[in-house]
Amino acid sequence: MKQRPALTAAAAALAVLAAGAPVAYAALGNGSPTASRSAPSGVAARGKAYVETRLFFGTERPDGGPDVTDQQFLAFVDEEVTPRFPRGLTIQDGRGQWRDSRGEIERERSYEVILLYPATEARLRDAQIERIRNAYENAYAQDSVARLEERTTAHF
């Protein structure tokens, strides 16, 4: 009988997530489950094709050195990211975890940088983003900087 509250809680959590998903996807536009639905009558489609790139920067150093500080990370953004994306970006604090090459779960404080740029600039931006990733990996002895991309629409 003890399993019943856990199953009820899990079902409630899934229901909340499922209810929120259409709202989240509705804001994304192309490539989302709601993209195939037509806009309500009388509502004009807004936005242009953009790419959203999210980069995930860890702060612990695999070589045992001191963690990357907020000041170091913000200086890195000022030197490496802002010159390549001067129109703007978003930085979010995070907590991340992954299984390392030894099979151990590693947890660390991290940063997420969100870049949004016109889809027509994707080829140019790809090289710039790779330079950012390589610069951080080299500067702070990181194994990698994760990169996630989605095509979307944006209206400003």
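**Figure 1. Order of elements along the chain.** From the N terminus, the elements of the protein follow the order α-β-α-β-β-α-β. That comes to 3 helices and 4 strands. Helices (H or I, at least four residues) and strands (E, at least two) are DSSP runs, numbered from the N terminus. This is a predicted model: local features need pLDDT of at least 70, side-chain atom pairs count only at pLDDT 80 or more, and totals for chains, interfaces and linings use all residues. Residues are numbered from 1 along each chain as its sequence is written, and side-chain values use heavy atoms, with hydrogens and water left out.

Figure 2. The accessible surface is about 10,600 Å². Carbon and sulfur atoms hold 54% of that surface. Areas come from the Shrake-Rupley method with a 1.4 Å probe; for residues, only the protein chains shown count as cover. Of the 156 residues, 28% are buried. Buried means under 20% relative accessible area, exposed over 50%, and partly exposed in between (1.4 Å probe, protein chains only). Among contacts with a separation of 6 or more, 68% join residues 24 or more positions apart. A contact means heavy atoms within 4.5 Å.

**Figure 3. The aromatic pair of Phe 57 and Phe 73.** The protein has 11 aromatic pairs. Rings of Phe, Tyr and Trp (its six-membered ring) pair if their centres lie within 6.5 Å; planes under 30 degrees apart count as stacked, over 60 as edge-to-face and the rest as tilted. Phe 57 and Phe 73 are edge-to-face, at 5.3 Å centre to centre and 65° between the planes. Phe 57 lies in strand E1 (residues 48-58) and Phe 73 in helix H2 (residues 70-81), so the pair ties together parts that are 16 residues apart in sequence. Phe 57 is buried, at 1% relative accessible area. Phe 73 is also buried, at 0%.

**Figure 4. The aromatic pair of Phe 76 and Tyr 136.** The ring centres of Phe 76 and Tyr 136 are 5.1 Å apart and the planes meet at 75°, so this pair is edge-to-face. The pair links distant parts of the chain, with Phe 76 in helix H2 and Tyr 136 in helix H3, 60 residues apart. Phe 76 is buried at 5% relative accessibility. Tyr 136 is buried at 0%. Ring pairs link Phe 57, Phe 73, Phe 76, Tyr 111, Tyr 136 and Tyr 140 into a cluster.

**Figure 5. Arg 61, buried without a salt bridge.** Arg 61 sits in the loop between E1 and H2. The nearest side chain of opposite charge, Asp 63, is 5.4 Å away. Lys and Arg count as positive and Asp and Glu as negative; His and the chain ends are not counted. A salt bridge needs a side-chain nitrogen of Lys or Arg within 4 Å of a carboxyl oxygen of Asp or Glu. The Arg 61 side chain reaches the backbone oxygen of Pro 66 at 2.7 Å. Beyond its neighbours within four places in sequence, Arg 61 is in contact with residues including Val 68, Tyr 140 and Gln 142.

**Figure 6. Surroundings of Val 68.** Val 68 lies in the loop between E1 and H2. Its relative accessible area is 0%, so Val 68 is buried. Leaving aside neighbours within four places in sequence, Val 68 is in contact with Thr 59, Arg 61, Phe 73, Arg 109, Tyr 136 and Tyr 140. Val 68 and Arg 109 are 41 residues apart along the chain, with 9.4 Å between their C-alpha atoms.

**Figure 7. Backbone of Ala 141.** Ala 141 has a positive phi of about 50°, although it is not a glycine. Ala 141 lies in the loop between helix H3 (122-139) and strand E4 (146-154). Ala 141 is partly exposed, with a relative accessible area of 28%.

Conventions: A polar contact is a pair of N or O atoms within 3.5 Å; within protein, one must be able to donate a hydrogen and the other to accept it, and residues adjacent in sequence count only if both atoms are side-chain atoms.
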